[in-house]
Amino acid sequence: MKKRPKASVTQPAAAGDAPPGPRLPFPVVGVSASAGGLEAYAQLQAKMLELEGTTNDLASLLSSTNIAVIFLDPQLHIRRFTPAVRDLLELIPQDVGRPLHNLARKFTDEDLEPDVKRMLETLEPIRREVTSFAGRTYVRSVLPHRTTLNQVEGVVITFIDITDRQRAEAALRDSVEQHRLMHESLQDFAIFLLDVDGTIKTWPKAAERVFGHTREEAIGQPLSLIFPPELVGEGPTRQELLVAKTAGSVTQEGWRMRKDGTRFWGCGVLSAVNDEQGKLRGFVKVLSDETKRRQVEDDLRQAKQRAEAAIEAK
């Protein structure tokens, strides 16, 4: 007589027992299929996504920047680099892991390796100017590569191209020098700048020759420095500045005074200097010694008067 198989009976869960958790779609080492395990897995996945996003952002930044950057590990082997480095080093992706000293350079820098070693000892950034074989100038910086915990785990070398800036600075210096030479070559013309309040800001050699005041004596003084004392009280400088500010420029003739107290007949133009937005930045004064011309005109006028008087006397 065959025995009947016993029917399986599911026992009801006792009060207070946790219901069985759902199965994970795939096994995760160290994470159980409980509610707490699922929460830990979700947090781990979020961290991994965040790390992936940060890594992608860093890769995009490195690939798009125009600054040449090299990352080295503590043994001074290539860890990563930006595309701009190829203008200075013969580097391809397969060079990652190679020592720095094995790479062919396109610039002159005998201090690179010594600077890297010294920086690792002192952890102080080191900067130098280097020149590439193509004739471009770079500021080369060697810095420690720090982690988020402020631990040094390598070296960062950057190359910033300053060629265009140097050319602009050289062009500006040349322009300033040309203007200086032009002003100093004018024997009888004094050209100098004033601020918005009428204070002397520049005083070239020509101004020293015309007025006798040295640069140190004139800069910082008001425009009234060049007027006779009796005219200073009448406020001609304030009037001249006001007219120039309103009309753009003003031309005046009159007696002016040198450092030694002698006077000469000066003829000059005061012009307002405005920026691109039309804001007043100061004034430029151009003045020449016209004493000889004034004397000739006076002589001619007196001769004419004598001639007219002689004719009337006949």
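This is a predicted model: local features need pLDDT of at least 70, side-chain atom pairs count only at pLDDT 80 or more; totals for chains, interfaces and linings use all residues.
Reader: Which strands form the six-stranded sheet, and in what order?

Author: The order is S2-S1-S6-S5-S4-S3, in an open sheet with antiparallel pairing. S2 and strand S3 (107-108) each have a single partner strand, so they stand at the edges and one side of each is left without a neighbour in the sheet.

Reader: How many bridges join S1 and S2?

Author: S1 and S2 pair in the antiparallel sense over three bridges. Within this pairing, Phe71 stands opposite Arg80 in S2.

Reader: Where does Arg80 lie relative to the ring of Phe71?

Author: Arg80 lies over the face of Phe71, at 5.5 Å from the ring centre.

Reader: Which strands does H2 lie across?

Author: Helix H2 lies across S3, S4, S5 and S6. Its direction makes an angle of about 30° with S5.

Reader: And the largest nonpolar core, which residues have the most contacts inside it?

Author: That core has 24 residues, and those with the most contacts inside it are Ile70, Leu72, Val155, Ile157 and Phe159. The elements that give two or more residues to it are strand S1 (68-72), strand S2 (78-81), helix H2 (112-122), strand S4 (126-132), strand S5 (137-146) and strand S6 (152-161).

Reader: Changing topic: what is the order of the four-stranded sheet?

Author: This open sheet has the order S7-S10-S9-S8, again with antiparallel pairing. S7 and strand S8 (249-257) stand at its edges, each with a single partner strand, so one side of each is left without a neighbour in the sheet. From one strand to the next, the twist averages 25°.

Reader: How many bridges join S7 to S10?

Author: Six bridges join strand S7 (residues 189-194) to strand S10 (residues 280-289). Phe189 has Ser288 as its bridge partner in S10, and Ile191 has Val286.

Reader: What about S9 and S10, how many bridges there?

Author: Nine bridges join strand S9 (residues 263-274) to S10, and the two run antiparallel. Ala272 stands opposite Phe283 in S10. The hairpin of S9 and S10 has five residues between the strands, and Gly278 takes a positive phi near 85° there.

Reader: Which helix lies across S8, S9 and S10?

Author: That is helix H8 (residues 291-313), which runs at about 125° to S9.

Reader: How many aromatic pairs are found in the whole structure?

Author: The search finds five aromatic pairs. One of them joins Phe192 and Trp203, is tilted, and has 5.0 Å centre to centre with 50° between the planes. Phe192 belongs to strand S7, whereas Trp203 is in the loop between S7 and helix H4 (205-211), eleven residues apart.

Reader: One last point: what sits over the ring of Trp265?

Author: The charged end of Arg294 sits there, 3.8 Å from the centre of the ring.

Methods:
Residues are numbered from 1 along each chain as its sequence is written. Side-chain values use heavy atoms; hydrogens and water are left out. Two strands pair if DSSP finds at least two bridges between them. A nonpolar core is a set of buried Ala, Val, Leu, Ile, Met, Phe, Trp, Tyr and Cys residues joined through side-chain atoms within 4.5 Å. Buried means under 20% relative accessible area, exposed over 50%, partly exposed in between (1.4 Å probe, protein chains only). Rings of Phe, Tyr and Trp (its six-membered ring) pair if their centres lie within 6.5 Å; planes under 30 degrees apart count as stacked, over 60 as edge-to-face and the rest as tilted. A charge sits over a ring if NZ of Lys or CZ of Arg is within 6 Å of the ring centre and within 35 degrees of the ring normal. Contact means heavy atoms within 4.5 Å. Axes are lines fitted to C-alpha atoms, for helices over the stretch in contact, and angles run from 0 to 180 degrees between N-to-C directions.
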